[in-house]
Amino acid sequence: MNIILLGPPGAGKGTQARKLVDEYGMVQLSTGDMLRAAKTSGTEMGERVAAVMARGELVTDEIVIGLIAEQLDGEAGDRGVIFDGFPRTLAQADALEALLSSKGKSLDRVVEMSVDDEALIARVSGRFSCASCGEVYHDTTKPLTKEGVCDNCGSTEFVRRSDDNEESMRVRLMTYYRSTSPLIGYYYAKGKLQSIDGLGEIDEIAKDVKSALGL
Ligand code: AMP
């Protein structure tokens, strides 16, 4: 099954994708993670995208479509894929359709997760994650059980995204409404859209995601 998790920054797409990976062995393709990896690896592309990402704007369609094409050429194409943070523009959505159909595959469903703006800003402002296993925490709503130690893997290294601050977040939200939200109508028209409320307990939302996917 190939699916898209669609929603504004901080909606919980990554968290829910990780749950589907754990439970069903699907492959998560997050263009945000790929771009952050490119940034830290010091490649020329990484340097080019760093400033754009810090501002909360979108990197070019060409770059992200190239990243996804590479992954679909590899092993990821043979298993169920969760697209997380991609597509973000209509051009990316068209490119994804063409890429999948060139491999005899198609998109099964799109789950839109909606959360109101103030809740998104609060969520993202306190967000940090384990540098080792990627488990996501929040200063007030999901703190570490034991200070300085990851509940999931015991690591003591944590990271905060440089774009997880209120100023970048306001740009990221505006970018979402301007460039990405038209995809809601696009996938609705294709009969693929399922919308769920992204506000609430992570496990409750996971149930809604599963039922939206017919799992
Ligand atoms: P994310 O981790 O999905 O919130 O993405 C972090 C940042 O990476 C975004 O604010 C964009 O600057 C960039 N980015 C991630 N995915 C895309 C995409 N599909 N198209 C354009 N830019 C993207």
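Predicted model: local features only at pLDDT ≥ 70, side-chain atom pairs only at ≥ 80, totals over all residues.
Q: What is the form of the peptide bond from Phe86 to Pro87, and what is its omega?
A: Pro87 is also found in a loop, the one between β3 (81-84) and α5. Most peptide bonds are trans. The bond from Phe86 to Pro87 is cis, with omega near -5°.

Q: What distance separates the C-alpha atoms of Phe86 and Tyr137?
A: Let's start with the sequence: Phe86 and Tyr137 are 51 residues apart along the chain.

Q: How far apart in space are Ala11 and Leu120, C-alpha to C-alpha?
A: Ala11 lies in the loop between β1 (3-6) and α1, and at 2% relative accessibility this residue counts as buried. In sequence, Ala11 and Leu120 are 109 residues apart. In space, the C-alpha to C-alpha distance between them is 6.6 Å.

Q: Is Lys13 buried or exposed, and which side chain of opposite charge is nearest?
A: Lys13 lies in helix α1 (residues 13-24). Side chains of opposite charge can pair when their charged atoms come close. Lys13 is buried yet has no salt bridge, because such a pair needs a nitrogen within 4 Å of a carboxyl oxygen. The nearest side chain of opposite charge is 5.0 Å away, and it belongs to Asp84.

Q: Which backbone oxygen does the side chain of Lys13 reach at 3.2 Å?
A: Two backbone oxygens can be named around this side chain. The backbone oxygen of Gly7 lies 3.0 Å from a polar atom of the Lys13 side chain. The one reached at 3.2 Å is the backbone oxygen of Pro8.

Q: Which side chain joins that of Glu112 in a polar contact of 2.7 Å?
A: Glu112 lies in strand β4 (residues 109-114). Glu112 is buried and has no salt bridge, and the nearest side chain of opposite charge, Lys13, is 11 Å away. The polar contact of 2.7 Å joins the side chain of Glu112 to that of Ser195.

Q: How many salt bridges are found in the whole structure?
A: One of them pairs Glu135 with Lys142, with the closest N and O atoms 2.9 Å apart. Lys142 is partly exposed, with a relative accessible area of 27%. A search of the whole structure gives a total of 17.

Q: How many residues apart in sequence are the parts tied together by Lys190 and Glu97?
A: Lys190 forms a salt bridge with Glu97, and the closest N and O atoms are 3.1 Å apart. Lys190 sits in the loop between α8 (182-189) and β8 (193-197), while Glu97 sits in helix α5 (residues 90-102), so the pair ties together separate parts of the chain. Both are partly exposed: Lys190 has a relative accessible area of 37%, and Glu97 has 40%. The parts they tie together are apart in sequence by 93 residues.

Q: Which residues are linked in a network of salt bridges with Arg161 and Asp163?
A: Arg161 and Asp163 meet through their side chains in a salt bridge of 3.0 Å, N to O. Arg161 counts as partly exposed at 28% relative accessibility, whereas Asp163 is buried with a relative accessible area of 9%. The network also links Arg127, Asp164 and Arg172.

Q: What share of the ligand's exposed area does the protein bury?
A: Consider some contacts before the area. A polar side-chain atom of Arg36 lies 2.9 Å from a ligand oxygen, and a polar backbone atom of Glu57 is 2.5 Å from an oxygen of the ligand. Arg88 has a polar side-chain atom 2.9 Å from a ligand nitrogen. Taken alone the ligand exposes 480 Å², and the share buried by the protein is 96%.

Q: Which helix gives the largest share of the shell around the ligand?
A: The ligand is surrounded by 16 residues, and the closest are Thr31, Arg36, Glu57, Arg88 and Gln92. The shell divides into six nonpolar, four polar and six charged residues. The largest share, four residues, comes from helix α2 (residues 31-40).

Terms used:
Residues numbered from 1 in each chain as written. Heavy atoms only, no water. Helix = DSSP H or I, 4+ residues; strand = E, 2+ residues; numbered from the N terminus. Buried < 20%, exposed > 50% of the residue type's maximum accessible area, 1.4 Å probe, protein only. Near = heavy atom within 4 Å. Polar contact = N/O pair within 3.5 Å; in protein donor to acceptor, adjacent residues only side chain to side chain. Areas by Shrake-Rupley, 256 points an atom, 1.4 Å probe, with all protein chains shown as cover. Nonpolar A, V, L, I, M, F, W, Y, C, P; charged D, E, K, R; others polar. Lys, Arg positive; Asp, Glu negative; His and termini not counted.
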